[in-house]
Amino acid sequence: MNDGHVGGRSILPIPDRQHTGLLTYDAKDPDTSFPPIEPLVPPAGAPNVLIVLLDDVGFGASSAFGGPVHMPTAERLQRGGLTFNRFHTTALCAPTRAALLSGRNHHSVGMGLITETATSAPGSSGLRPNTKAPLATTLKLNGYSTAQFGKCHEVPPWQTSPVGPFDAWPTGGGGFEYFYGFIGGENNQYYPALYEGTSPIEPDLGPEDGYHLTEDLADKAIGWVRTQKALAPDKPFFLYFAPGATHAPHHVPLEWADTYAGRFAMGWDALRQTIFERQKDLGVVSPDSDLTTRPAAIPAWDEMDETLRPVLERQLEVYAGFLEHTDHHVGRLIDAIEDVGALENTLVYYIIGDNGASAEGTVNGAFNEMANFNGLAAIETPEFMAAMKDKLGTVEAYNHYSVGWAWAMCTPYQWTKQVASHWGGTRNGTIVHWPAGFESRGEIRSQFTHVIDVAPTVLEAAGLPEPTFVNGIQQAPIEGTSMLYTFDAADAQERHDLQYFEMAGNRGIYFKGWSAVTRHSTPWLPNEELPALEDDVWELYDGSTDWTQAHDLAADQPERLADLQRLWLIEAVRHNVLPIDDRRFERLNATIAGRPQLVTGTTQVLFPGMKRLSENSVIDVKNRSFRVTAAVETPGGPTTNGVLIAQGGRFGGWALYVKDGHPRFVYNVLGMQEFVVGAERPLEDGRHQIRAEFDYDGGGLAKGGTVTLFVDGEQVGSGRVDLTQPLIFSADETTDIGDDYGLPVSADYAGASTFTGRIDVVQIDIGDDDHSHLIDPAEVARIATARQ
C-alpha cells in the first residue's frame with residue numbers, strides 16, 4: 001500500500017507491494033504479524049471536486065457576466081470565489097468535453113469535431129489514445145470516488161450500441177464508477193433516453209407528473225453525494241455534472257419562461273448593447289473595450305418579418321427560463337454538498353458553456369431543429385412558426401432560437417458556437433469556488449486560461465502528480481497549465497500564453513496577448529460555398545488594447561500576422577490538427593469518412609426486447625427502398641395492438657405496427673406530417689408474417705415513395721409517402737422492437753405501443769438504390785427550395 005507520498009503515485013494503479021517480513025506456519029503463532037489493510041486514499045487534505053459544465057451558453061447570457069438571465073447560483077459562487085473572464089473552450093461540445101476530461105487539446109485526443117463526423121485521421125478519429133488517460137481515471141486510481149451525471153458526447157457512433165465496446169463510456173474507460181445520463185449530443189428534456197452505467201433505463205415519471213431531465217439529474221447527483229459522504233466521509237469525490245441544458249431542444253416548464261415575458265421586445269441589437277453596458281459595470285470586460293459589430297450574415301432585428309417577431313421574442317423567453325431553471329438545480333446540488341458539510345473543501349468549477357451560444361437554429365429559429373439538420377429548414381415558414389409560438393418549450397416542440405439571439409448571447413464578442421476563430425465561439429464565463437483552498441473572495445482573474453487547464457489544476461490541488469504510466473501504458477504529457485497560481489495572485493503573470501484553435505476550418509492562435517484568426521465557415525449556412533483554405537482572410541488583434549477583437553490590425557502589421565500564422569501551423573502539426581477537414585455532409589457518410597460501421601450489408605435481424613438502438617446501430621433506410629418484415633403470433637381481431645418496430649420518435653421517424661388488428665405503416669416527417677398506410681382487413685389469430693415494402697421514388701434525396709403492406713405474402717394495403725427525411729431521424733430517439741420508448745413516432749398508437757402478441761423476429765432489408773452519395777450542399781439546397 002502506498003504511504004501517501006506523491007512520488008509513489010506516478011504509476012497507476014499504484015503497484016502492490018509484496019509482504020517481505022517473517023512468514024509463520026500457524027496464524028496463531030505470536031510472531032505472526034502483517035501490516036493492516038489500508039484503503040486507498042489521496043494525500044491528506046485533497047479536496048472534493050465538482051465540475052459543472054453547462055451546454056451552449058454564450059459569454060453574455062448569464063447575469064454573472066452581465067447577461068439577461070438571472071443565475072443566482074452562479075452569482076453566489078462568484079461572491080465567494082473567483083470569476084475567470086478569459087477562460088476558453090474549443091467552440092464545440094464533444095471536443096470541449098474531451099479536452100476538459102483529459103487535460104489535452106481536443107485534436108490530441110482524437111476529437112477534432114463531434115463523434116458523428118469522426119474520420120480515420122488521428123486528430124478526428126473520435127478515439128482517445130490510451131496514452132492520454134482521463135482525469136477521472138487518475139483520480140479513481142488515487143482513491144477518489146467518481147461519478148458523472150448528464151451528457152456524454154465522447155462515444156464514437158459505432159460504440160453506442162448495447163454490445164459496446166464501452167471503452168469510451170463513462171463507466172467503461174472513462175474512469176467514472178457511476179454514470180447516470182445520456183449518450184450523444186442532445187436529448188429530449190421530457191422523454192430522455194437515459195443510461196445507468198451502460199444499461200438503458202426509463203424515468204419513473206413523465207412530463208405529466210412534472211418530470212424534467214435537469215431536475216432528475218440533480219436529484220440523482222444529490223443522492224449520490226449524500227450516500228458517498230454517509231458511507232465514506234473521509235474519502236473525497238470527483239463529481240462531473242453536465243446537464244444537457246441549455247442545448248436544444250429548449251425545454252422548460254412554462255412558468256420559468258413566462259417570467260421573462262416581454263423582456264426581449266427590443267430585439268437582439270438593442271439587447272446586445274444593454275448586456276455590454278452591464279458587463280462593463282461588473283468589470284467582466286475591459287472598461288475601454290468596444291462592442292463588436294453585427295456580421296452581415298445576421299439580419300438586424302428591424303429587418304425581421306413583423307409577424308415573426310413575437311415568435312422570436314418567445315424563443316429567447318423560453319431559452320432564458322431554461323437557463324435559469326438549470327442554474328436553480330445546480331444550486332440544489334451545491335446546497336446538498338453544503339448540507340453534508342463538504343462545501344468548504346470542495347473545488348467547484350462552474351463552467352457556463354462548453355462553447356459559445358448555438359447558432360444552429362437558423363435565422364428564424366426552429367420549431368423542430370431536426371428540420372435544419374435535414375436541409376429542410378425552409379418548410380418552417382414564418383406563418384408556421386407563428387402558429388407554433390405557444391408550443392415552444394413544451395413537450396410538443398423540439399425548438400431552438402434564432403441566430404440573432406445566439407449572437408446576442410455571445411456579447412461582446414464576434415460570432416458563436418462552432419466559430420473557433422473568434423472569442424464568441426470559445427470564451428466562456430467560468431467561476432471557481434474553493435473556500436478552503438484560497439483566501440480571495442469575489443475577485444476577477446483575467447489571465448488567459450483554457451479548458452485543458454482544469455485537469456492539471458485539480459491534480460495540483462489534490463497534491464497528485466501527473467501519472468507517467470496508467471494501466472501499463474506510458475502517458476503523454478498533459479498539455480494544460482494549472483490555474484492554481486492565479487487563485488491568490490490576481491496580478492500573476494499568465495502561464496498559459498500559447499493556444500491554438502480550430503474547428504471545421506475556423507482557426508486561430510493566441511500568443512502573449514495577440515490573436516490571429518480566420519473564419520472559414522458559418523454555422524447556420526450549411527449550403528454556403530466554402531473558400532479554399534489558402535484563400536481564407538486572416539485577422540489580427542492586440543488583446544492588450546482590444547479586449548473584444550473589434551479592431552483588425554492585419555493590414556497594419558502583416559509581418560506579425562505572418563509570424564502568428566506560422567505559429568498556428570506549428571501548433572497544428574504538434575497536436576494532430578492536420579489535415580484541416582471542412583467537409584460537412586461527406587463526413588456523415590462513414591465510408592467516405594473512413595470510420596467503422598457497426599452494421600454493414602443489406603440485411604439486419606432484430607429480436608423482441610431490443611431497444612434504445614441508436615441510429616448508428618440500425619441499417620440505414622434513408623434515401624433508398626427498403627423492406628421490413630415481422631414474424632409474429634397474435635390473438636387476432638381488434639385486441640391485437642402495438643408496435644412491431646419503430647425508429648425515431650414524435651419529431652421524425654417511421655414505424656410498423658398493428659392497430660385494432662390491422663397492420664399499419666407510418667412515416668412521420670419532422671413531426672409536421674404523417675403518412676399512414678393501413679391494411680384493408682384485420683389479422684386472424686395465429687402466426688403471421690407482416691411485411692411493409694417502401695419503394696423509393698429515386699432521383700435524389702428526401703424523395704417520397706410507395707408503401708405496400710403484405711400479410712403472409714398477400715398484399716393487403718398500399719399508399720404514398722410524399723416526402724422523407726434524408727439525413728437524420730432524431731438525435732435522441734432510438735429504434736425499439738415490440739414497443740416505442742420515449743415519444744412515439746405516431747399519435748395513432750400513442751398509449752398502446754406495447755405489442756399485445758408475440759414477436760419472433762424482425763428483419764430489415766435495404767435495396768441497392770442508395771441515393772446517399774448525392775449528399776452535397778447543392779442537393780440539400782435543392783431540397784429546401786423545393787419544399788418552400
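The model is a predicted one, and the values given here are computed from its atoms.

Arg9 is found in the segment that precedes β1, the strand of residues 11-12. With a relative accessibility of 1%, Arg9 counts as buried, because the cut-off for burial is under 20%. A polar atom of the Arg9 side chain lies 2.7 Å from the backbone oxygen of Val41. Ile11, by contrast, belongs to strand β1 itself, and its relative accessible area of 39% makes it partly exposed. Once residues up to four places away in sequence are set aside, Ile11 touches Thr468 and Phe469. Ser62, which is 51 residues from Ile11 in sequence, lies 42 Å from Ile11 in space, counted from C-alpha to C-alpha.

Directly after α2 comes Gly103, with a positive phi of about 75 degrees.

Helix α6 is formed by residues 267-282, and its 16 residues should span 22 Å at 1.5 Å a residue; the C-alpha atoms at its ends are 23 Å apart, which agrees with that expectation. The buried residues of α6 are Gly267, Trp268, Leu271, Arg272, Ile275, Phe276 and Gln279. In an α-helix there are 3.6 residues a turn, so residues three or four places apart point the same way. The partners against which the buried residues of α6 pack are two further helices, α7 (309-339) and α10 (403-409). α6, too, is followed by a glycine with a positive phi, in this case Gly283, for which the angle is near 80 degrees.

Leu569, Val573 and Leu578 make up a nonpolar surface patch, and together they have about 250 Å² of accessible area. Of these residues, Leu569 is located in helix α13, which covers residues 558-574, and its relative accessibility of 43% places it in the partly exposed class.

Two loop residues complete the picture. Asp712 sits in the loop that joins β27 (705-711) to β28 (714-721), and a relative accessible area of 45% makes Asp712 partly exposed. Although 24 residues separate Asp712 from His688 in sequence, their C-alpha atoms are 5.9 Å apart in space. When neighbours within four places in sequence are left aside, the contacts of Asp712 are with Arg687, His688 and Gln689.

Ser746 is likewise in a loop, here between β29 (735-737) and β30 (758-766), but Ser746 is buried, with a relative accessible area of 0%. Its contacts, again apart from neighbours within four places in sequence, are with Tyr657, Val666 and Glu674. With Glu674 there is also a polar contact, made between the side chain of Ser746 and the side chain of Glu674 at 2.9 Å.

Notes
Residues numbered from 1 in each chain as written. Predicted model: local features only at pLDDT ≥ 70, side-chain atom pairs only at ≥ 80, totals over all residues. Heavy atoms only, no water. Helix = DSSP H or I, 4+ residues; strand = E, 2+ residues; numbered from the N terminus. Buried < 20%, exposed > 50% of the residue type's maximum accessible area, 1.4 Å probe, protein only. Polar contact = N/O pair within 3.5 Å; in protein donor to acceptor, adjacent residues only side chain to side chain. Patch = residues over 30% accessible without salt bridge, like charges linked within 9 Å, V, L, I, M, F, W, Y side chains within 5 Å. Areas by Shrake-Rupley, 256 points an atom, 1.4 Å probe, with all protein chains shown as cover. Salt bridge = Lys/Arg side-chain N within 4 Å of Asp/Glu carboxyl O. Contact = heavy atoms within 4.5 Å. Expected span 1.5 Å × (residues − 1).
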